[in-house]
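Here are my notes for someone meeting this structure for the first time. Have the model open as you go through the points.

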Amino acid sequence: PIERCRNELVGWRVYYLDPRGAMRSAKPPQAVTDIGVLGEYIAPFLYRLRAERPKHFDAIKRTLRSIVPSIEELDVDLDKRRGTLDILVKQDGRDFSSRIISEGTLRVLALCAIAVNPWGGGLIAFEEPENGVHPRRIELIAKLLVSLSRDQKRQVIVTTHSPLFCDAILRETKPLTGEIALLNVRRGAG
């Protein structure tokens, strides 16, 4: 029983994505199985996925394009001189490095990577996945998270301050009564 509990806890993933710093930092190729709590290993994760699981990498590209239609291509480049990786996004005919693409695009890319992670855990927790994302894309992010929970049988916990995000989740899960809980947490006098 204790070993099963330990194995379950090891599989839990908690994310507080940091597109201002950690997600843009240069990293060398590494054998990672996740993007990291802050998203700091997103480039090595994508690089490994492209090499070892190209179908999963292609699924990330398709999902990313469905949420951000102006994105034409996604790649991970290895700078052999420095030994570091850089994520490249082709958008509206121009290549952009992960160092300059928008925070919202980086967040959406991270969510796509988490959603198709073949090494992912049974419980995934997100802190405000809608931050920095265009309001018209919140509905698509809600669909992605619901799909993650329904299709991959993972438990998804999300914290948010966004009524738009809550509304999108509730609309998306309306036929799933009993499978979702919306909790409003308030601090009392003590």
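**Notes on the fold**

1. Let's begin with Ile42, which sits in helix H2 (helices, H or I of at least four residues, and strands, E of at least two, are DSSP runs numbered from the N terminus). This is a predicted model, where local features need pLDDT of at least 70 and side-chain atom pairs pLDDT 80 or more, while totals for chains, interfaces and linings use all residues. Residues are numbered from 1 along each chain as its sequence is written, and side-chain values use heavy atoms, with hydrogens and water left out.

2. Ile42 is buried, at 0% relative accessible area (buried means under 20%, exposed over 50%, partly exposed in between, with a 1.4 Å probe and protein chains only). Setting aside neighbours within four places in sequence, Ile42 is in contact with Met23, Ile35, Ile87, Leu109 and Ala110 (contact means heavy atoms within 4.5 Å).

3. Now the middle of things: the largest nonpolar core has 49 residues, and Ile35, Leu46 and Ile60 have the most contacts inside it. Such a core is a set of buried Ala, Val, Leu, Ile, Met, Phe, Trp, Tyr and Cys residues joined through side-chain atoms within 4.5 Å. H4 gives the largest share of this core, nine residues. As for Leu46, its partners beyond four places in sequence are Phe57, Ile60, Val76, Ile87, Leu109 and Ala113.

4. Why is H4 described as largely enclosed by the rest of the structure? Because twelve of its 13 residues are buried; among them are Leu106, Arg107 and Cys112.

5. On to charges: the whole structure has ten salt bridges (a side-chain nitrogen of Lys or Arg within 4 Å of a carboxyl oxygen of Asp or Glu). One of them joins Arg50 and Asp75, with the closest N and O atoms 2.4 Å apart. This pair links distant parts of the chain, with Arg50 in helix H2 and Asp75 in strand E2, 25 residues apart. Arg50 is partly exposed at 28%, and Asp75 is also partly exposed, at 32%.

6. Last pair: Asp86 and Arg99 form a salt bridge at 3.2 Å, N to O. Asp86 is in strand E3, and Arg99 is in the loop between strand E4 (94-97) and H4.
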